[in-house]
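Good morning, colleagues. Please keep the structure in view while I speak.

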Amino acid sequence: MRYAHAFPALLVCSLTVAVISPAAAQTDPYHTAVAEHFQVPVSEVGILSQGRLAAAEIPVVLFVSARAGASPDALMALRRGGRGWAEIASRYGLHAGNFHIDLRGPAPAGPLSAAYEAYGSRDRASWPAISLSDEAIVALVNVRFLSEYLSQPPARVAEVVARDGAGPAALRTLRGGRDPLQR
């Protein structure tokens, strides 16, 4: 009985924690996956999601940031200022070759088909001259992110991204309706 007074105090502390951090409980599964994959706090992904970018563009911000050593805030400012992803990437020394992921087969129709036609028509040394559309960069980064995060073959992920679009819809499909917190 000596712990009888501890239970109400523990309950109050538990409720206080739940009230202080509701974002953690209400986080979108896609944002959670992005945060886990890029090893950033979910709160940072939440802040990025308030920047008027589509959810599928948040991995692009973090991908370019990690590879270019640029702050996500700087990238967001450029993107909100109307700059395209290829222009932003180029500004920080990245090019089309940095976005390539080996599909081990033909690219599916959709935003990836033109990119992979360009990759296939040139040798690797000339990939920096390839001009990728914003849609292609978003799709390529999401294929890489989802493939690595879910440990699924890039070709399978590319098919889903081409059919369902990059972002939350692709994640839902690839998880096959399982609990959103399971990989």
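**A histidine and a helix pair**

Leaving aside residues up to four places away in sequence, His-31 touches Val-45, Ser-49, Ala-55 and Ile-58, where contact means heavy atoms within 4.5 Å. His-31 sits in helix H3, residues 29-38; helices (H or I, at least four residues) are DSSP runs, numbered from the N terminus. With a relative accessible area of 15%, His-31 is buried; that term means under 20% relative accessible area, while exposed means over 50% and partly exposed lies in between, using a 1.4 Å probe and protein chains only.

Before continuing, a word on the source. This is a predicted model, in which local features need pLDDT of at least 70 and side-chain atom pairs count only at pLDDT 80 or more, whereas totals for chains, interfaces and linings use all residues. Residues are numbered from 1 along each chain as its sequence is written, and side-chain values use heavy atoms, with hydrogens and water left out.

I turn now to helix H10. H10 covers residues 134-150, 17 residues in total, and reaches 24 Å from its first C-alpha to its last, close to the 24 Å expected at 1.5 Å a residue; the expected span is 1.5 Å times one less than the number of residues. Of those 17 residues, 14 are buried, so H10 is largely enclosed by the rest of the structure.

How do H10 and H11 cross? The axes of H10 and helix H11 (residues 154-164) come within 9 Å and cross at roughly 130°; axes are lines fitted to C-alpha atoms, for helices over the stretch in contact, and angles run from 0 to 180 degrees between N-to-C directions. The two helices are therefore oblique to each other, a term for angles that are not under 35 degrees (roughly parallel), over 145 (roughly antiparallel) or 65 to 115 (roughly perpendicular).

On the H10 side, Ala-139, Asn-142, Val-143, Leu-146 and Ser-147 meet Pro-154, Val-157, Ala-158 and Val-161 of H11.

Finally, the backbone. Most residues other than glycine have a negative phi. Ser-151, in the loop between H10 and H11, has a positive phi near 55°, and at 66% relative accessibility this serine counts as exposed. Arg-104 also has a positive phi, near 55°. Arg-104 lies in the loop between helix H8 (96-99) and helix H9 (111-120) and, at 74% relative accessibility, counts as exposed.
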